[in-house]
Amino acid sequence: MEIEQISSGDGDDHLAGTCHATEGGDSKEVEDVAAEAAYIVWEDLSVVLPNFGDGPTRRLLDRLNGYAEPGKIKAVMGPSGSGKTTLLDADAGRLPGNVVMTGNILLNGKKKKLNYGGVGYVRQENTLLGTLTVRETIKYSAHLRLPSTMTKEEIDDIAEGTIAEMGLQDCADRSIGNWHLRGISGGEKKRLSIALEILTKPHLLFLDEPTTGLDSASAFFVVQTLRNIAKDGRTIISSIHQPSSEVFALFDDLCLLSGGETVYSGEAKMAVEFFAQAGFPCLIRRNPSDHFLRCINSDFDQIKLPLMGSKQVCKTNREDSISYLPTGEIKAMLIKQYKPSNYAAREKERIKEILAIKGNSIKRKLKRQANWSKQLCTLTQRSHVNMRRDLGYYWVRIGIYIVLSVCVGTIFFDVGTSGSVFARGAYAGFISGFMTFMSIGGFPSFIEELKVFHEERLNRHYGVGVYILSNFLSSFPYLIVMSLSTSSITYYMVKSRAGFSGFVFIFLDLLSCIAAVESCMMTIASLVPNYLMGIIIGACYIGILMMTSGFFRFLPDLPKVLWRYPISYVNFAVWGLQGAYKNDMIGQEFEALIPGGPKLKGEVFLTTVLGVNIGYSKWWDLAAVVVILIAFRLAFYAILKLKERSSPLLREIYTKRTLHHLKKKRPSFRISSSSRFPSKRHQQVIHSLSSQEGLFSPIH
């Protein structure tokens, strides 16, 4: 195959043209191979964690260069804290917002995005719905992501094939597991996470320590499966901590990191030769990965004295000389040996060859994922199954609602119109206030589901709107059960206003208020970083709503500034309680407040004591609650979308300001306190990745 290079004036475009074959019969085949290939290159890649105080700036990655190509597995290895996950996050565009990244990441020579289904990322932490079985998890994901033009049988066959490919047949019908369900093992969860990402056969697959928690046989099986996937023309980059010798032999390329610097990068099988040339040979019977980490992991410095004291170190062994050298010196020697070596030269030459290949763009597009209606049905069904099996989501609350309803019914039993009008008001206030407040109990389960949404959203499995609507549809039957059970028990025990329409209103009013509380908590969950802050802020917000609802302090007595206007008007509890008061009291006569006095009409009590406006119907109050409910759902949608779209802009601003500050004000940015080698990045032109498409990477 003859490769022709055409220079491009655009700094963001390193390749143009097409691949040409010497024989016409092979031309189409070569073009097809190039069209499906995904080459990724990182040049002068640095990631720093700024410190605007007196401490030094932490350099997570220091001017790394490397590549990954189709058909091979690139292993990123190093001790804990060496920058393995940071490199994967940088390449995949998933760096957190508090770090600054400089350099260039090029996908097929360009800063461009892959189409849907082109990238998969398997995190070290498993984010799964614990109530689903392994088979259900894979099938739901397949129906969400695979094209709607495929039949159900075809999609199910792909799911079953993936289960077999990852060796999950034995646990396919077992639940993943949560706080009350005993589930599959950690290794099986990891294989399940990988299975979910290979469903669409992505061009580029990132894996963060896929063998964590696996025994040696399972780890070998997983990496062997990944190798088979790579041989299908996929590009795989995987971080790994300390693989066995059998697993290490499966890797094609190796990037060995320590302290964010490159110790070695090149063919995995040549790493042993490099260490031997550098003066640190690996014994024949020793695992190469153990030897590499033994040379560069500073934690071994803390165990040298115990090892030497117990005579576990043989001084006569040539290889064991590393036991008497600090790992900092060994690391420095290895880096010094690598930079001018033939291995580094071959790495740079290969990067140039990749950037020079013409026609290396991905032309074949995966058919679009399932259409909107199919995604909605699939998500609704999956969410409903999760809610039905998770005891803490709704079932515990339903039980508590029934118990509380019986308590309320017995306390206010047969109040009717013969009892105190204030007792009727207290009953309505408790139902509309405290009973709706109990809906905050579903916040923990919702947070777990939201984690799954964020992970799937990063991989573009479905949109924000379809998720919000499916969540509401799947939860609606449970809200009906809670509202119907509460209203049925209390309405007939308390002997509220007779008539079916009065019962229907109480039911709808309670249903709307509970749904509004849940929507409110979802909005709060989208704003806070963790579960604890969500519970605290949510409880505080609901408490404010209860105080201004008109029960603890009547509406006319609320301070006009802020609390009466506008808080009470945007408080769904106000409208819900007013509707309940009108439903119970309008048209009713109650016993006089003073013994022997005339009976008190409900309308008079509402207007003079409670300050409720009876100039409009109770159904308008119910409509106001529904409007606020919809407003919360729209706010939830807007916040999620705004966070997605504003993130690149905010990161760009943060990156520019931080780089300016570090360059001008922070000497530690120029010379890393943890490195013996001075940084030269301040002498070069800084190419901020925040100016590229997406989140610091061409991939997103």
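**View 1. Lys618 lies over the face of Phe505**. The distance to the ring centre is 5.1 Å. A charge sits over a ring if NZ of Lys or CZ of Arg is within 6 Å of the ring centre and within 35 degrees of the ring normal. Arg564 does something along these lines too: its charged end sits over the ring of Tyr565, 5.6 Å from the centre.

A quick note on the model: it is predicted, so local features need pLDDT of at least 70 and side-chain atom pairs count only at pLDDT 80 or more, while totals for chains, interfaces and linings use all residues. Residues are numbered from 1 along each chain as its sequence is written, and side-chain values use heavy atoms, with hydrogens and water left out.

**View 2. Phe500 and Phe503 make a tilted ring pair**. Rings of Phe, Tyr and Trp (its six-membered ring) pair if their centres lie within 6.5 Å; planes under 30 degrees apart count as stacked, over 60 as edge-to-face and the rest as tilted. That rule gives 27 aromatic pairs. Here the ring centres are 6.4 Å apart and the planes sit at 40°, so the pair is tilted. Both residues belong to helix α19 (residues 500-525), 3 residues apart, which means about one helical turn separates them. Helices (H or I, at least four residues) are DSSP runs, numbered from the N terminus. (Buried means under 20% relative accessible area, exposed over 50%, with a 1.4 Å probe and protein chains only.)

**View 3. Helices α14 and α18 pack together**. Helix α14 (residues 391-411) and helix α18 (residues 464-494) have axes 8 Å apart, at an angle of about 15°. Axes are lines fitted to C-alpha atoms over the stretch in contact, and angles run from 0 to 180 degrees between N-to-C directions. That makes α14 roughly parallel to α18 (angles under 35 degrees).

**View 4. Helix α2 is largely enclosed by the rest of the structure**. In α2 (residues 84-92), 8 of the 9 residues are buried, including Lys84, Asp89 and Asp91. Next along comes Gly93, with a positive phi near 75°.

Methods. Helices (H or I, at least four residues) and strands (E, at least two) are DSSP runs, numbered from the N terminus. Angles under 35 degrees count as roughly parallel, over 145 as roughly antiparallel, 65 to 115 as roughly perpendicular and the rest as oblique.
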